[in-house]
Amino acid sequence: MKNSNRVMAAVLTTALAVPLAAAPAQAAAAAPAITVEVIASNGSGCAPGTASVVSNGDNTGFRVKYRDFVAEAGGGAAVVDRRKNCQLGVLVTIPDGWTIAIASANYRGKAFLRSGASALQRTSYYWQGTSTTERKDVTFTGPLNGLWTTWDVAPVLTYAECGSQSVLNINTELRVDAGTSSGTNSMSMNVTEGDVDTLFNFSLSSC
């Protein structure tokens, strides 16, 4: 899906003002204790120890925070820097009598793209042991300079096993193409660059 410059300008203007997705009504009513933990990380965009997860205080979801996830192209950027990826394994512990699905995700980052350059943000996620994978591709075109945000609403809810420990695999890729631009272009998801993280919202159901 390719966003027009006009749409992206609107997104960038309102990125900081957009509220996080409201918690599902079921989750707000029950809010059982759910814990999350990174148990595996691999990829050029998330060396060990540079990605973490934080559970929401109301147990309606969790946030992924990256500290060294940036792709660059053009200027003095190396060829290997044009594409960065991160594969995370997040252990989600679900209390007895409950099951959860990922209802939606909100991805946020920062971009600096000169005229003639383009970039891609791609994220997919799935419960380990299932065949259902949700995937979101968004392309960006320069000129673009500032924060960006994209949303992904699951068309079908895929629930983890009831009352268990389940692993959610999250694969994220950032890619930059310098195209006809001159100078360095970048696409990042670093938490140090402002209001930047990835939010996964749960849908809860009793077993």
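**Exercise 1. Describe the disulfide that joins C46 to C86.**

Solution. Step 1: the sulfur atoms of C46 and C86 are 2.2 Å apart, and the two residues form a disulfide (a pair of cysteine sulfur atoms within 2.5 Å). The model is predicted; local features need pLDDT of at least 70, side-chain atom pairs count only at pLDDT 80 or more, and totals for chains, interfaces and linings use all residues. Residues are numbered from 1 along each chain as its sequence is written, and side-chain values use heavy atoms, with hydrogens and water left out.

Step 1: the angle about the S-S bond is 95°, and the link of C46 and C86 is right-handed.

Step 2: C46 sits in the loop between β1 (35-42) and β2 (51-55), while C86 belongs to strand β5 (residues 83-93); the pair links distant parts of the chain, 40 residues apart. Strands here are DSSP runs (E, at least two residues), as helices are (H or I, at least four), numbered from the N terminus.

Step 3: C46 and C86 are both buried (under 20% relative accessible area; exposed is over 50% and partly exposed in between, with a 1.4 Å probe and protein chains only).

**Exercise 2. Describe the disulfide that joins C162 to C207.**

Solution. Step 1: the S to S distance between C162 and C207 is 2.0 Å.

Step 1: this link of C162 and C207 is left-handed, with -110° about the S-S bond.

Step 2: C162 is partly exposed because its relative accessible area is 38%. C207 has 53% relative accessibility and therefore counts as exposed.

Step 3: the structure holds 2 disulfides, and with the bonded cysteines numbered in sequence order the pairing is 1-2, 3-4.

**Exercise 3. Why does N169 count as buried?**

Solution. Step 1: locate N169, which is in strand β10 (residues 165-177).

Step 1: N169 counts as buried because its relative accessibility is 13%.

Step 2: list the contacts (heavy atoms within 4.5 Å). Leaving out residues up to four places away in sequence, N169 touches L88, G89, S124, Y125, Y126 and Q128.

**Exercise 4. Summarise the protein as a whole.**

Solution. Step 1: there are 2 helices and 12 strands, in the order α-α-β-β-β-β-β-β-β-β-β-β-β-β from the N terminus on.

Step 1: of the 207 residues, 48% are buried.

Step 2: among contacts between residues at least 6 apart in sequence, 80% join residues at least 24 apart.
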